[in-house]
Amino acid sequence: MAAYMRSVIILLSTERNALLRRGCDYTVESRRYVRGLRRTPVKVLFPDSNRETVAPPKGSEGRKEPKPAPRKAPGMKRTFSPPAAIMIPSHASVPTSEQSNITFSKDRIGGLRFETAFPGDKRLARVVSIARSRTFREHQGKILLEGKRLICDALEAGAHPQMVFFSRVEKLCELPLDKLKRATLVKVKFEEIKIWSELVAPQGVMAIFSRPDPEKMSFPKARPTVPLSLICDNIRDPGNMGTILRSAAAAGCRDVLLTKGCVDPWEPKVLRAAMGAHFRLPVHCSLDWKDIRARLPEHTSVHVADNYCGPASAEEEEVTEHRHAEVRGQPTGALKAGDYGWVSTRRGRGNPDHAAYDSDSDDETAPGLQLPRVDALLYHEGWGRGPAALVVGGETHGLSLESVGLAAETGGRRLRIPMVPGVDSLNSAMAASILLFEGRRQMLDSVETSARKGKAERRLI
């Protein structure tokens, strides 16, 4: 028994010594780890600075050490730049290579001085007035443009800027600075521009321009045009007007004439929908029909877009002939305006009130007015073989009596776009686009045909 107890004691002591040795090794490793942390760390040199930063040792947070001086290359003098001087980032997009190295200071950029708007600046409220009030735009002779592309198009066409608001200097550098020498440059916060803007994602740059005069603007000289004019008659929807102007510019129209009943072409919604078409072809607005006749070249035939969605063309012609037979006692070709659903019974006004034109009320009907006869023609038939003008009316009231009378005087036609039964009339912008490009096609074909005939005649000679 004694021998057994002695063996147990020896075994326990052996295990205890082993446990102590393992614990001792663990303790020594921990002490070595801690001592390793207390050593001086490796010096770090950051890429954007020449200074060496050393992490402070543990327990020295309260002590302040002098900052090391920047390294100086041997044989070179130290140069300092003024703290306010900043270089434009290389990733900023600029229109020309000359502007890639533009420097600006606290209140200057590329030789131009700009201001910083303070809270409550009255000029900011003026921007809102120009954007929202047609009367203010016309009386003051100013328009508001927003976005880099629209402002650059206006400057390229020779429009005169008066005031430019921008949120960042990089946004201003994207514009041709040489054309902003006479403008007032104002730096504002982006949050304020976001309040003024009607865009979902504002671009951070807006400008006030003098209302452009189509006679004095410089449009692209290489723009291929056709002898086709577009007349907008009581187009009141801003989106439709902008789309029509964009289609007219794309089709190469000679000019666009707007009657006094149309929406203001310089309204912000029209400008956004037109995508710079205002600065690619002449747009004459607020014209009466005497001015429109005077602006049309000689021997121009005026055609009207028929948006009447009624019976089929053959049935309609039968009804038309029947009605002509009933009114043979009247002057030749005279019909009541109510006989057609595509003509408004409201006469144009000499000096229209803008508020009245913005409403859709039709309280000035005149069922006794007589309508000159204008024959119908499918849109793809030959109507664009010579100088022509196309009249597109609004969707609410249709064409005016003056436009139909002008078409009858010049030997024009009412152009119809056939549609399947049960479909409502086309949108004014869609109908104008179809007719404009069809007219361009016919005019270009006519020129090619004439050229081929001339070559054939010269060969015979």
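Mentor: In this predicted model, Arg211 touches Arg137, Glu138, Gly141, Lys142, Ile143, Asp264, Trp266 and Cys285, leaving aside residues up to four places away in sequence, where a contact means heavy atoms within 4.5 Å. Residues are numbered from 1 along each chain as its sequence is written, and side-chain values use heavy atoms, without hydrogens or water. Because the model is predicted, local features need pLDDT of at least 70 and side-chain atom pairs count only at pLDDT 80 or more, while totals for chains, interfaces and linings use all residues.

With Asp264, Arg211 makes a polar contact, side chain to side chain, at 3.2 Å; such a contact is a pair of N or O atoms within 3.5 Å, and within protein one must be able to donate a hydrogen and the other to accept it, with residues adjacent in sequence counting only if both atoms are side-chain atoms. At 22% relative accessibility Arg211 counts as partly exposed, that is, between buried (under 20% relative accessible area) and exposed (over 50%), with a 1.4 Å probe and protein chains only. The C-alpha atoms of Arg211 and His160 lie 8.3 Å apart, although 51 residues separate the two in sequence.

Arg211 sits in the loop between E10 and strand E11 (228–233); helices (H or I, at least four residues) and strands (E, at least two) are DSSP runs numbered from the N terminus. Of the 6 residues of E10, 5 are buried, so this strand is largely enclosed by the rest of the structure. E10 pairs antiparallel with E7 over 5 bridges, pairing requiring at least two DSSP bridges between two strands, and Lys142 stands opposite Ser210 in E10. E8 also runs antiparallel to E10, joined to it by 5 bridges, with Phe165 opposite Met206.

E7 (142–146), E8 (161–166) and E10 (205–210) are among the elements against which the buried residues of helix H2 pack, and these also include helices H3 (134–140), H6 (190–196) and H8 (268–274). In H2 (residues 122–132), Leu124, Val127, Ile130 and Ala131 are buried. Seen down the axis of H2, its buried residues fall within an arc of 115°, so they line one face of the helix, the arc being that of the directions from the helix axis to the C-beta atoms. On the other side of H2, Lys122 and Arg132 are exposed.
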